Amino acid sequence: MSIFKKIMTAIRGGATEVGESIVDANATRIFEQEIRDAENHLTKAKRELTGVMAQQMSSSRDVDRIKREIIEHEGYAVQALEKGDEALALAVAEKISALESELSTQQQALDSFEGNAQRLKELVKKSERQVAEYKRQLSMVKTTESVQKATSAITDNFSSSNSKLLSAKDSLERIKAKQQKFDDRMKAAEVLESENSDNSLEAKLKEAGIGATNNNANSVLERLKAKQK
Amino acid sequence: MNIHTLADYLNTLADESDTGMVFDCQPISGEVDVLQITVLGREELPIFVSVTDDQVLCITYLWDKSEVKENKMNDMHVSMLEMNIPMPLSSFSKIGDKYVIFGALAISSTFNDIEHELAVLSNNALEIIDDMSDYLI
């Protein structure tokens, strides 16, 4: 069963009770061991690959050298024939024949090294994928466990506060109300500030004898006199 | 990075935060250390932060299964799935009977990244309760 399914099953099974572990306590250890094993395989495969690739290079150089020698000797043989030295040509031909059989052996070795290198490269890739996969799964197990433990700590803490008594809507209402109050206060402060500045301006105007003046007794009397006329 | 260095950072931030939010941190001890973070004015929706080997997990509880109107469960689930990608940085989940919104950050994140995450998470939580209120009692 995949770790994903294991976690789902454990959660659905109600393993959310305090103290109960969602994932088998051994699971973490097993994953860590599997990661270590896979990493060991990886190191070994990489080391082997280096060795095989070195052999492959040396073998490839040998093949090239033999091929060159064959071409060289073929040239010699033709020259010997041109000179009519049949015996020398035969000796060269024998040498070529020996080189050709050596070439065939070397070529076989080279093919086998190439095959090995290819196989090891695939192994390295596969092991790398596996290590990454185990690490991802381990992270899932650890996160699940830690969330579960954190949740139980939070739940314990919640019981001592009244936060859990509020429904989501009530919480939202209260937060909005607080926000509204804050906004109102800000607005009130702004209004007050502007009024204050108006007042001070008025006072300055009055001082300068501009704008509305106080209704004093004299002005009332003036008004009454004006009415009598 | 652990919850105590994060708490120190957020507490010293006070009014200087880029997000315009004031955070108050309270560590909760347990098998796994959890940091309870409240945003000033939003005390009803605290954020819980835990730090593991490879990630920083920020979770806010939204509502309980029992708060969902009968017959509305499916519609709500579909709406939540549809909202999951457009919603910036946060995703939905369910822990036990509680629906949550969460964000996960790499352990290599800076304090500034986490501060940003917390602000976005808090805003998302408020908005999503508002958006989903038709489905809730």
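How many residue pairs are in polar contact between chain A and chain B? The exercises below lead to this count and to related features.

This is a predicted model, in which local features need pLDDT of at least 70, side-chain atom pairs count only at pLDDT 80 or more, and totals for chains, interfaces and linings use all residues. Residues are numbered from 1 along each chain as its sequence is written, chains are lettered from A and ligands numbered from 1 in the order in which they are written, and side-chain values use heavy atoms, with hydrogens and water left out.

**Exercise 1. Describe the polar and charged pairs between the chains.**

Step 1. Nine residue pairs, both members at pLDDT 80 or more, are in polar contact between chain A and chain B. Such a contact is a pair of N or O atoms within 3.5 Å; within protein, one must be able to donate a hydrogen and the other to accept it, and residues adjacent in sequence count only if both atoms are side-chain atoms.

Step 2. Four salt bridges are counted between chain A and chain B, each being a side-chain nitrogen of Lys or Arg within 4 Å of a carboxyl oxygen of Asp or Glu. In one salt bridge, A:K178 meets B:E44 at 3.1 Å, N to O.

Step 3. On the side of chain A that touches chain B, α3 (86-159) and α4 (168-207) each supply at least two residues; helices are DSSP runs of H or I, at least four residues, and strands are runs of E, at least two, numbered from the N terminus. With 12 residues, α3(A) gives the most to that side.

**Exercise 2. Determine the extent of the contact.**

Step 1. Chain A contributes 23 residues and chain B 33 residues, where contact means heavy atoms within 4.5 Å.

Step 2. About 2,400 Å² is buried between chain A and chain B, 65% of it on carbon and sulfur atoms. Buried area is the accessible area (1.4 Å probe) that two parts lose on being put together, summed over both.

Step 3. In chain A, the residues that lose the most area to chain B are A:I154, A:K169 and A:I175, together 22% of what that side buries.

**Exercise 3. Locate B:N71 and state whether this residue is buried or exposed.**

Step 1. B:N71 lies in the loop between β4 (55-64) and α2 (73-84) of chain B.

Step 2. Phi of B:N71 is near 70°, a positive value in a residue other than glycine.

Step 3. B:N71 counts as exposed because its relative accessibility is 74%; exposed means over 50% relative accessible area, buried under 20%, and partly exposed in between (1.4 Å probe, protein chains only).
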